[in-house]
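Hi,

Here is the structure I promised to pass on. Have a look at it first, and then read my notes below.

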2 protein chains.
Amino acid sequence: MQDSITLYSYFRSSASHRVRIALHYKNIPFTYKAVHLLKDGGQQHQADFKKLNPQAQVPYLIHNGKGLGQSLAIIQYLDAIFPNKKLFTEDPYQRAKILQFCEVINSGIQPLQNLMVLKKLESQFNASIEQKNSWVTDWNHHYLASLEKYLNETAQDFCFGKTVTAADCFLAAHVQSTKRYNISLNSYPTIQRICENINRLDAFIKAAPENQPDFEK
Amino acid sequence: MQDSITLYSYFRSSASHRVRIALHYKNIPFTYKAVHLLKDGGQQHQADFKKLNPQAQVPYLIHNGKGLGQSLAIIQYLDAIFPNKKLFTEDPYQRAKILQFCEVINSGIQPLQNLMVLKKLESQFNASIEQKNSWVTDWNHHYLASLEKYLNETAQDFCFGKTVTAADCFLAAHVQSTKRYNISLNSYPTIQRICENINRLDAFIKAAPENQPDFEK
């Protein structure tokens, strides 16, 4: 049976971006379904989509009829099912270090800058645009400094040595998101250098927000 | 060589709690080192600890001299190195569903209620205790409702069927944290039922905050 893969994504969603990179890196063909997180009060809240994913979030992947949410779970799943060009190494300690790095983004920075949280700051604390930007900027510098320290121990061409790993998927997508907030990367030379390397790769170009069918300026 | 394991933990840290459950569940002997997150301006910021873990967070595990942070990375690592009583199954899809569940807690609720974030709400928005409680309570209900829906599809005695998995480690630790905020679980009968089951198990009792050497009322 030929694999059938559908990805529910929003071009600007950083977590969707990670999964797009993984799919393109592994050369896995997939159908792209756009879910606009702002239009119509957020299409992720529509009944059809919530029937698929009660969490009402993208990315959401369907592989041969089996659904899965959460970018990290999706990427580990893809890595198990399509083991060409592994994104997590087999060595348990190295694998865990890659996961540790991904989690600094996945459970560290990203949850604090997602749309729902910024909306909540607005509704509960009447946060202005400037205050929201300052919230996002402060958290980014807090966590980017940790990422830079980790990378100084492990990076060569990419986050972990000379081969692309899941860490590069997470880093590329995150750094893309910092551009919206004009967050300076001047203090993070290793992050900058790695991003230059990965953003030259075909998979990373294909996965970029501006190359998605639902891209808007 | 006999394995040497040290866990840096704080009795009240929910992420540390998950790792303690995993260690006790697998009957892995370990040395407990307490890091008080409030005393002395936060012992996690002291130079000695930050040399170990630049992220200045617990849990932090050292296994035969090799250090690792992030609860999910630690638990997947322990599961690979000590494969007795697996917390993640081998089947890739089931494994990914367990991870998806853990991530709703790990990258969903928990980052929004951690100490650093509550402090930031205070410093940036002058949030009162009541406002911080309401922030935590609102996020909990948002995510607990998702967890309950997921569990209605997968739970039997435990989160995934009749065997303890990583999902139970994450759920037990999270539900423990809801007690501090008096969050009602009345709308989540499946979560309540599973917690009754898991909290009877020896490993979960040993890992509970009140049974740690650094416990304080």
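**What I found**

B:Asp79 is buried, and B:Lys26 is buried too. Their side chains meet in a salt bridge, with N and O 2.7 Å apart. This pair links distant parts of the chain: B:Asp79 is in helix 3 of chain B, while B:Lys26 sits in the loop between helix 1 (14-25) and strand 2 (31-34), 53 residues away. Before you read on, keep in mind that this is a predicted model.

Over in chain A, A:Lys26 and A:Asp79 belong to a network of salt bridges that also links A:Lys86 and A:Glu90. Over all chains, the structure holds twelve salt bridges.

Another one to look up is B:Lys206 with B:Asp202, at 3.2 Å from N to O. These two are four residues apart in helix 9 (residues 202-207) of chain B, so about one helical turn separates them. B:Lys206 counts as partly exposed, at 38% relative accessibility.

Now for the place where the chains meet. How many residues of chain B are in contact with chain A? There are 45, and they touch 45 residues of chain A. Between them the two chains bury about 4,200 Å², with 65% of that on carbon and sulfur atoms. B:Gln55, B:Tyr93 and B:Phe125 supply 15% of the area chain B buries against chain A, more than any other three residues.

Chain B and chain A have two salt bridges between them. One of these joins B:Asp138 to A:Lys120, whose closest N and O atoms are 2.4 Å apart.

Helix 4 of chain B gives the most, with 13 residues. By class, this side of chain B has 23 nonpolar, 15 polar and seven charged residues.

Last, the symmetry. A rotation of 180° with 0.0 Å of shift along its axis puts chain B on chain A, at an RMSD of 0.0 Å. The two copies are thus related as by a two-fold rotation axis. In chain B, the residue that comes closest to that axis is B:Ser107, with its C-alpha at 2.0 Å. Also, 100% of the interface residues of chain B are interface residues in chain A as well, so the copies meet through the same surface.

Cheers

Terms used
Residues are numbered from 1 along each chain as its sequence is written. Chains are lettered from A and ligands numbered from 1 in the order in which they are written. This is a predicted model: local features need pLDDT of at least 70, side-chain atom pairs count only at pLDDT 80 or more; totals for chains, interfaces and linings use all residues. Side-chain values use heavy atoms; hydrogens and water are left out. Contact means heavy atoms within 4.5 Å. Buried area is the accessible area (1.4 Å probe) that two parts lose on being put together, summed over both. A salt bridge is a side-chain nitrogen of Lys or Arg within 4 Å of a carboxyl oxygen of Asp or Glu. Ala, Val, Leu, Ile, Met, Phe, Trp, Tyr, Cys and Pro count as nonpolar, Asp, Glu, Lys and Arg as charged, and the others, Gly among them, as polar. Copies are superposed by least squares on the C-alpha atoms of residues with pLDDT of at least 70 in both. Buried means under 20% relative accessible area, exposed over 50%, partly exposed in between (1.4 Å probe, protein chains only).
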